Amino acid sequence: MKPQSKYRSIGKNIQRRDVLGKIKGDAKFCADLDLKDLNLKNMSLKDLSLKDPLTLRVLRSSRHHAEIENIDIEKAKAIPGVAGVFTAMDIPGKNLMGIINKDQPLLADGKVRSKADPVALVAARTEEIAIKALAAIDVSYRDLIPVLDMEDALAPDAPKIHEKGNILFVRKIKKGDAEAAFKDCHTIIEKEYKTHAVEHNFIEPDAGAGYVDEDGTLVIYASTQNPHYDHKEVTGLLGLEDEQVRVIQAATGGGFGSKLDLNVQGFIGLALYHLKKPVRYVYTREESYLATAKRHPFIIHMKTGSDENGKLMAIRMKTFCNTGAYGSYGIAVATRSAVSGTGPYEIEHVDMESSCVYTNQTFSGAMRGFGAPQMAFAHESQMDLLAEKLGMDPLAIRVINGFKKGSTTGTGQKLMDSVGFQECLQKVKPYYDQASKDWVTKKISPFIKRGIGLGGMWYGIGNTGVQNPSTARIEMDQNGGITLFTGCADIGQGSTTVLTQIAGEILGVLPEEIHVVVGDTKFTTNAGATSASRQTYISGNAVKEATDKLSSVLLTEGSNRLKVSKTLLEFKDHSIHVSGNEEKSVDFAWLARRIHKKGGSLSWQGYFDPETIPFDPETGQGSPYATYAFACQLALVEVDVLTGEVNVKKIVAAHDVGKAIHPENVIGQICGGVAMGVGFALMEEFEYGKTISMKDYHIPTCADMPEVIPIIIEENEPTGPFGAKGVGEPALIPTAPAILNAVSNALGKRIYTLPANLERVLQASIESGQFGPSGHFGPKEKNNV
Amino acid sequence: MVHIDFTINGQQKALDIPADITALELIRSLLGLKGTKEGCGIGECGACTINVNGRAINSCLMLAAQLDGTKVLTVEGLATENSLAPVQEKFMENHGVQCGFCTPGVLMSSHALLAENPDPNDEEISKAIAGNLCRCTGYKQIFVSVREAARLTQQKGEGGND
Amino acid sequence: MTDIEYIRPLDLKEALDFLWDNGEDTRIIAGGTDVMVDIRSEGLDKKYLLDISRLDELKGIELNGQELSVGAGVTLSEIYSSRILESHALALKKSAFSFASRQIRNIATIGGNVAHSSPCGDTVPALLAHGTKALVADKKETRLVSMEEMATKAYMSCLSPKQILVKFILTPYGDGFADFQKIGRRRELAVSRISMAVFVKKDKEGKISFLKIGLGACTPTPCNMEAVEAFLTGKVLTRELIWEAGGLLAGNMIEITGRRSSAIYKEPAVQGLFMRILYPMVNV
């Protein structure tokens with residue numbers, strides 16, 4: 001029988017905050033915002049004589065790599081219905097953006113570096129007129145030699161895409177002496193792995209809208225994962241003060257990392273600055289494909305060595321990732337890759353080098369996992385290859401090497417608490433054993449071959465080795481009503497709900513009774529980005545701190561009133577009462593009025609920044625994260641040896657999340673991550689210049705989904721809010737590795753490139769000898785089916 | 001221009017419209033019903049799914065002119081004044097919604113399915129919603145929601161209200 | 001927004017009369033699933049949109065003795081649930097099962113799918129296997145067109161601007177083994193990489209007495225596979241024989257298309273799919 005929970009809100013699957021609007025069709029995404037939404041105050045529309053917001057459209061480069069000699073916008077400006085045409089010259093502030101390094105102009109400044117580069121911005125009364133205006137803009141280019149892939153970019157005489165050269169960044173991590181250690185290794189596996197670009201393919205194409213408020217504030221609605229970052233970037237671009245710009249996160253239809261960079265916010269801001277009229281920019285899907293971040297394609301060279309018992313001794317990894325024309329999150333991806341490349345395993349000698357390379361393609365940026373999914377493909381394949389060579393069981397070799405409490409990582413960090421990897425392996429084991437015994441051996445047809453595979457992972461919560469704080473504010477009004485202010489963008493993962501559960505738990509109120517103000521830079525403070533699986537842990541702690549402060553003030557006053565020690569008081573139903581004596585109580589309204597009268601504060605700010613130790617510049621040693629999530633997934637697949645089709649039948653997903661504050665949210669993330677992992681493993685390949693629309697790019701449909709068995713493991717994280725860590729990216733990371741290991745198990749032939757699409761799997765089937773009239777039964781076996 | 005007469009969410013409409021606009025543009029821009037979404041514009045994502053004469057169709061692929069003489073239902077028309085439709089209620093209860101952008105389309109496909117087949121098995125549910133792409137949920141909680149909505153629909157003895 | 005005019009004729013005669021005079025300036029729309037995508041990407045440089053989606057003469061699935069007729073305006077959903085097709089053209093019915101999505105099946109028509117002349121049109125293999133003739137009409141006359149003649153090249157049908165596809169006349173197949181299968185990059189909502197329809201009859205001795213094969217997504221226009229059909233007719237099916245025939249089928253494809261980069265996958269996969277689809281007929 002399940003023990004009764006000690007919590008009222010934590011661990012409960014309450015209804016999500018925002019769901020009613022979404023199922024009624026009332027929730028407003030940016031493309032839904034009309035003039036009446038964009039002009040909430042009293043500005044008369046009569047003089048604006050607009051029926052709709054002005055449509056914005058951008059002219060993008062027609063060259064991969066060129067200098068701009070001239071941009072002629074006169075013909076375009078003259079078209080009736082065109083409200084304005086802008087180029088880099090019209091940007092009043094600093095024309096340079098970038099979430100880590102600033103190398104990306106809002107509008108091209110003398111040079112274009114990809115066909116996604118915006119060259120000019122048009123504002124017009126209708127989309128039709130805007131498109132006409134784009135066609136009327138004349139740009140003369142002086143072509144430069146295009147650098148289309150990493151090989152070209154790294155060639156000694158390669159044209160420089162940016163002044164500093166084509167290597168944006170290199171992260172090195174060195175521990176011990178890998179070169180020497182390899183000499184002592186019994187078994188060494190050295191392979192090269194390759195992954196392709198992947199498109200985020202959130203269902204809502206990027207969009208934004210804006211207007212100028214009666215006090216001259218530029219108000220921008222954004223489909224975004226970080227409204228406060230957007231705000232900072234836009235004020236910088238326009239040379240404005242903080243109060244002159246307001247960014248409001250509208251309902252956001254998924255992001256997965258792509259809506260961290262500015263998409264249309266800068267264009268909206270620029271148009272508002274000059275035109276002072278309501279505007280809207282909605283990307284077509286095709287524009288979203290062309291112009292927004294992709295997952296970094298990787299080339300990974302990995303050498304892993306172990307002793308004769310399978311104990312890992314050394315790893316050397318050299319990777320190159322293609323960051324496209326601009327840096328975006330490239331530095332973070334290279335850094336995180338170097339850290340996570342060891343996998344969740346103890347390895348004494350570590351030599352990692354991750355390089356981030358510019359090319360003249362659409363830029364790569366944050367994409368669920370920041371390089372960890374690509375690394376996991378490599379390190380989990382290596383583990384299976386080692387196991388195979390040593391004649392060991394793949395689960396056993398992971399148990400031997402897997403992190404436990406007290407383990408030291410490749411960066412020299414000792415993992416003190418909340419290390420649930422062994423538990424994940426143990427929870428998957430019964431399914432693994434059963435599948436090995438009963439399932440994988442079943443011969444259902446000569447042409448369908450079953451395979452099973454494991455994927456393990458670890459994922460550092462929060463940004464890697466840098467400060468990434470979150471803030472929050474909680475206020476009580478004089479009626480005892482509670483409002484939570486958070487800059488934390490909820491993009492569908494359910495953060496708003498979780499934050500109210502945390503606050504509600506502390507104050508003894510139902511989460512739904514807490515009013516929330518979310519993602520509005522006029523009212524909220526910076527919570528950092530909704531990325532790196534960080535919001536439950538970091539914003540959760542910020543909310544907890546703020547609420548603890550409010551709670552403390554209320555308890556002090558309550559103690560005064562009820563004449564008992566604070567330790568004997570409890571929160572319930574918007575009151576404080578004496579433990580064991582609910583009659584002896586005082587309600588929030590009374591307390592609030594009292595505190596206010598005394599001059600005390602009812603508004604409390606919380607702040608949290610994970611405790612990390614920055615990387616040593618030489619050795620990369622440090623503590624890049626305060627806590628890590630761990631997971632293991634098991635994949636059961638059926639491979640059609642005749643056609644290369646792979647059917648993922650089941651995924652068992654064991655995830656250590658510290659504490660599941662909202663278990664159904666966690667399950668939602670796991671299932672969503674598995675879906676994305678199936679796509680990453682088998683069918684998603686973004687080809688620059690060729691992948692134009694959703695006809696060309698395949699994300700899984702419901703029919704492609706395996707049965708998912710989610711297993712939530714709660715290895716309490718003492719520094720987390722109620723012990724919680726994070727799950728958003730961990731959900732995705734083990735899936736493709738498990739599937740690829742299963743395919744390899746089925747075919748006896750391994751694939752070293754993602755995606756393992758029809759072509760690659762059929763090729764492997766042919767090479768394995770199973771493609772033939774006997775299938776995998778072999779010529780001597782009778783057909784018993 | 002072309003003249004069309006049709007009903008949408010129970011209301012009669014008589015409009016003169018350009019010949020080449022899509023049903024999606026008509027619904028969103030001319031009628032101001034923003035619940036139906038554009039995810040791709042080419043029938044590859046299902047976010048724009050509406051019901052026309054009880055059948056789920058991609059409104060981005062239908063000419064608005066082809067709505068003449070039809071009964072149209074969009075997400076705004078699912079709920080009555082007093083209650084949500086079974087699919088809406090159960091999607092809320094069973095965590096079938098994350099970012100919410102695919103949700104109106106999924107609701108309309110599910111609603112059309114249950115009106116025709118109040119007791120679908122998983123294969124039938126899959127066939128009905130395979131044209132609705134979701135990037136957030138991984139579909140599991142969506143299936144739970146549809147199964148629960150089917151149960152509720154059967155209890156209520158309703159067939160749908162298009 | 002253009003000045004294009006929308007015309008919805010009340011009957012086939014009206015439609016054909018209109019096309020006789022205005023065919024060059026007209027884009028025909030039935031289900032719209034291909035037309036609308038083209039409009040979005042290329043725009044429409046025509047004066048008229050002729051909506052034939054409600055013409056009764058283009059509807060209906062009927063069996064008349066040795067002729068099974070499927071109206072060009074029949075939707076993929078109607079094909080999906082047709083009892084007549086289940087008994088007499090199962091491969092055609094099956095080709096609707098994973099055709100695009102339900103939303104698209106509800107409005108897409110078999111006539112539109114054929115007339116669009118995409119090499120990947122999923123209804124084409126079954127139509128080929130049934131020796132289908134298409135009834136094509138203009139104001140003055142009707143003629144029968146074989147499936148092999150329907151497309152002059154990829155995405156270009158043989159229809160003149162004055163013509164409408166009225167119906168498809170299939171040879172009904174009753175007893176026997178019929179199947180349609182496709183390979184796509186995902187299990188639903190996927191363009192076929194390869195698709196295939198077969199119909200097989202065996203005699204009392206277990207030898208193949210009748211075999212028809214339709215191959216899709218492998219040739220620019222619909223092609224018959226008579227050589228392979230002849231190779232297998234009169235023989236008893238074994239796995240080795242199917243494999244050999246599959247190799248011939250793949251070879252036929254390469255002869256027609258030349259060795260393209262997609263052949264690296266398609267050549268073995270055609271052979272593989274052929275084995276998968278016919279293998280249930282071994283020892284049965």
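This is a predicted model: local features need pLDDT of at least 70, side-chain atom pairs count only at pLDDT 80 or more; totals for chains, interfaces and linings use all residues.
Two strands count as paired if DSSP finds at least two bridges between them.

**A covered strand in chain A**

In β12(A), A:Val279 is the bridge partner of A:Leu54. A:Leu54 belongs to strand β1 of chain A, which spans residues 54–60. Two bridges tie β1(A) to β12(A), residues 279–282, and these strands run parallel. β1(A) also pairs with strand β5 of chain A, residues 118–124, this time through six bridges and in an antiparallel way. If you want a spot to look for, find A:Val58, which stands opposite A:Leu121 in β5(A).

How many residues of β1(A) are buried? Seven of its seven residues are, which leaves the strand mostly covered. A:Leu54, A:Leu56, A:Val58 and A:Arg60 point one way, while A:Thr55, A:Arg57 and A:Leu59 point the other way, and all are buried.

**Two interfaces**

Next come two places where parts of the model meet. The size of an interface is often given as the accessible area lost when the parts come together. Here is how the two look:

| Interface | Buried area | Share on carbon and sulfur atoms |
|---|---|---|
| Domain 1 of chain B and domain 2 of chain B | about 1100 Å² | 61% |
| Chain C and chain A | about 2500 Å² | 57% |

At the meeting point, 17 residues of domain 1 of chain B are in contact with 13 residues of domain 2 of chain B. On the domain 1 side, B:Lys37, B:Thr49 and B:Val75 lose the most area to domain 2 of chain B, together 35% of what that side buries. Between these two domains of chain B there are five residue pairs in polar contact (both at pLDDT 80 or more). Strand β3 of chain B, residues 49–52, gives the most to the domain 1 side that touches domain 2 of chain B, with three residues. How many salt bridges cross between domain 1 and domain 2 of chain B? The rule finds zero.

*Between chains C and A.* This contact takes 24 residues from chain C and 31 residues from chain A. Three arginines stand out: C:Arg185, C:Arg186 and C:Arg239 supply 28% of the area that chain C buries against chain A, more than any other three residues. Chain C and chain A share five salt bridges, and one pair that meets in a salt bridge is A:Asp640 with C:Arg276, at 2.4 Å from N to O. There are also eleven residue pairs in polar contact (both at pLDDT 80 or more) across this interface. Which element gives the largest share of the chain C side that touches chain A? That's α12(C), with eight residues.

Finally, have a look at B:Lys34, placed in the loop between α1 (23–30) and β3 of chain B. Is B:Lys34 buried or exposed? It counts as buried, because its relative accessibility is 10% and the cut-off for buried is under 20%. Leaving aside residues up to four places away in sequence, B:Lys34 touches A:Gly25, A:Asp32, A:Asp34, B:Arg28 and B:Glu76. With A:Asp34, the side chain of B:Lys34 makes a polar contact of 3.5 Å.

Conventions: Residues are numbered from 1 along each chain as its sequence is written. Chains are lettered from A and ligands numbered from 1 in the order in which they are written. Side-chain values use heavy atoms; hydrogens and water are left out. Buried means under 20% relative accessible area, exposed over 50%, partly exposed in between (1.4 Å probe, protein chains only). Helices (H or I, at least four residues) and strands (E, at least two) are DSSP runs, numbered from the N terminus. Contact means heavy atoms within 4.5 Å. Buried area is the accessible area (1.4 Å probe) that two parts lose on being put together, summed over both. A salt bridge is a side-chain nitrogen of Lys or Arg within 4 Å of a carboxyl oxygen of Asp or Glu. A polar contact is a pair of N or O atoms within 3.5 Å; within protein, one must be able to donate a hydrogen and the other to accept it, and residues adjacent in sequence count only if both atoms are side-chain atoms.
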